[in-house]
Every structure is written in C-alpha cells, then in structure tokens.
Amino acid sequence: MKEYRKGKNDIVFAVTAFVIILILCISAIIFMLLDLLISSIIFISLVAIITILIFIKQLKMIALKNEAESLVGTDALTGIRNRRFFMEYAASQIERSNRINRNCHIIMFDIDNFKLINDKFGHAVGDQVLKLISNRVKAEIRPYDLFARYGGEEFILLICDAEDKTVISLANRLRIGIEEQKLVYEGKDVFTTASFGIARYSPEFTLEEVINFADKALYCSKNSGRNTVNFYFHDI
C-alpha cells in the first residue's frame with residue numbers, strides 16, 4: 001500500500017514538474033517572441049522614420065528646384081515672366097496651336113517716353129511705374145495668358161483662343177487702364193501711356209517673325225502719336 005502511494009506521489013510529482021517545465025518553456029518562448037516582435041516593431045519604425053525623412057528631403061529638393069527654375073524664368077523687378085521664359089513657353093504653345101488649329105496673337109507694348117520719367121523723377125520711380133503697369137495688366141488678362149517683360153520698358157503677351165476683335169479690345173482696355181493709372185511721387189502725379197502692336201500667328205511664319213510683325217505695329221503706334229493700338233495684317 002505504501003509502495004502504491006509512493007508510486008502515485010511520484011507520478012503526481014513528475015506530472016507537476018512536467019507542467020511547470022512546460023509553462024516555463026512556453027513563457028520563455030512567449031518572451032522570446034515578444035522580444036522579437038518588439039525588436040521588429042522598433043526596426044520597422046526606424047525604417048519608416050528614415051524613409052519619411054528621405055521623402056521629406058526629396059520634396060524639399062524638388063521644391064527648391066522648382067523655385068530656382070521659377071526664379072530663372074521670372075523678371076526680378078516686376079515678378080512677371082522674363083523674355084527667356086516667354087520665348088520657350090510661347091514656342092510650345094504655338095506648336096500646340098498648330099496641332100489643334102487655334103488662334104494665337106502676340107501683343108507688344110512699350111511705355112511712352114519712359115526715359116523722360118527716369119530723367120525727371122529718377123530710376124526708382126521708373127521701377128515703380130514698371131511694377132504698377134505689370135500689376136495692372138495681370139489683373140486684366142486671363143490666368144492662362146502669357147505675360148512677360150520683353151526688355152526695358154517693353155512688354156509682350158501671348159493670347160490664344162481669341163478672335164482679332166477680342167484681342168484688339170483687350171489691348172485697348174490695357175491701354176486705357178495704363179493711361180488712367182497714376183503714381184504719386186513727392187506730391188506730384190506721375191502719369192504714363194503705352195503704345196501697342198498686335199500680330200496674329202500664322203503657321204507659315206515663325207514665332208520670331210510674328211513678334212517682329214507685332215513690333216512693327218507697335219512702332220506704327222509710336223509714329224502715329226503714341227497711346228494707340230495697331231494691328232499688323234500679313235497681307236499688307
């Protein structure tokens with residue numbers, strides 16, 4: 001009987017020991033898995049953070065590049081496009097116009113007697129006049145019209161998807177707006193006017209030739225008393 005009890009106790013002890021060892025083993029495995037999981041989470045988090053930082057850096061580099069490209073194509077004084085940007089972008093728009101058969105016009109205008117303004121009031125006032133006129137024109141044209149400073153006191157626009165009469169009306173509206181605008185300097189009103197020339201693009205001519213046509217029309221305006229609009233017709 002004692003041997004039976006002893007054997008039974010041995011079995012209970014063995015089972016108990018086995019269960020304890022099994023629990024310890026499972027606990028050890030769980031801790032190992034948790035440690036591995038935590039390590040994995042930390043590793044994945046670090047990778048994610050590094051990836052995000054690299055992505056943010058790339059976005060900043062792209063933004064800086066775009067800003068630099070924008071500055072290259074922008075006139076420093078007026079904030080509008082410069083001649084280089086105009087020629088490149090206008091060429092692509094003209095090429096597109098050839099494919100879809102749409103109208104495009106070049107408008108050129110020049111501030112009348114601008115040298116007299118600089119001589120009488122100084123170049124700082126002349127710069128203010130250029131800025132005011134640029135802002136006035138930007139407010140009048142459509143968002144997708146191309147407007148640039150061509151050089152000195154000369155400006156240029158590319159107007160697409162518009163008929164002759166619409167472009168002529170726009171040029172006259174700009175002319176009147178410039179005429180009505182004034183700059184006050186040391187208690188004196190500084191008024192300006194501008195002369196305009198317009199030419200319609202045609203596939204048989206290059207962009208440079210059409211700009212030259214508009215320039216000829218502009219000088220017709222200069223020679224006919226200034227503060228006027230002239231349209232260059234290819235057949236004259």
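**Labels and their cut-offs**

Me: Why does N227 count as buried?

Reply: N227 has 16% relative accessibility. Buried means under 20% relative accessible area, exposed over 50%, and partly exposed in between (1.4 Å probe, protein chains only). So 16% puts N227 in the buried class. A word on the basis: this is a predicted model, where local features need pLDDT of at least 70, side-chain atom pairs count only at pLDDT 80 or more, and totals for chains, interfaces and linings use all residues. Residues are numbered from 1 along each chain as its sequence is written, and side-chain values use heavy atoms, leaving out hydrogens and water.

Me: Where is N227, and what is its phi?

Reply: N227 is in the loop between α6 and β8. Its phi is positive, about 55°, although N227 is not a glycine. Most residues other than glycine have a negative phi. Helices (H or I, at least four residues) and strands (E, at least two) are DSSP runs, numbered from the N terminus.

Me: What makes N113 partly exposed?

Reply: The relative accessible area of N113 is 39%. N113 lies in the loop between β2 and α3 (114-121). N113 is not a glycine, yet has a positive phi of about 55°.

Me: Is K216 buried, partly exposed or exposed, and in which helix is it found?

Reply: K216 is found in helix α6. Its relative accessible area is 42%, so K216 is partly exposed. Its C-alpha atom is 9.3 Å from that of F231, 15 residues apart along the chain.

Me: Why is the pair of F109 and F155 called stacked?

Reply: The whole structure holds nine aromatic pairs. One of them joins F109 and F155, at 5.1 Å centre to centre with 15° between the planes. Rings of Phe, Tyr and Trp (its six-membered ring) pair if their centres lie within 6.5 Å; planes under 30 degrees apart count as stacked, over 60 as edge-to-face and the rest as tilted. Both values qualify, so this is a stacked pair. The pair links F109 in strand β2 (residues 104-111) to F155 in strand β4 (residues 154-160), 46 residues apart. F109 and F155 are buried. They also belong to one aromatic cluster with F147 and F196.

Me: How do you know that F213 and Y232 are stacked?

Reply: Their rings are 4.5 Å apart, centre to centre, with 5° between the planes. F213 sits in helix α6 (residues 207-223) and Y232 in strand β8 (residues 229-232), 19 residues apart. F213 has 10% relative accessibility, so F213 counts as buried. Y232, at 17%, counts as buried too.

Me: What makes R83 sit over the ring of Y150?

Reply: The charged end of R83 is 4.0 Å from the ring centre of Y150. A charge sits over a ring if NZ of Lys or CZ of Arg is within 6 Å of the ring centre and within 35 degrees of the ring normal. R81 lies over the face of F85, at 3.9 Å from the ring centre.

Me: Why is α2 called roughly perpendicular to α6?

Reply: The axes of helix α2 (residues 83-100) and α6 come within 10 Å and cross at roughly 110°. Axes are lines fitted to C-alpha atoms, for helices over the stretch in contact, and angles run from 0 to 180 degrees between N-to-C directions. Under 35 degrees is roughly parallel, over 145 roughly antiparallel, 65 to 115 roughly perpendicular, and the rest oblique. So α2 is roughly perpendicular to α6.
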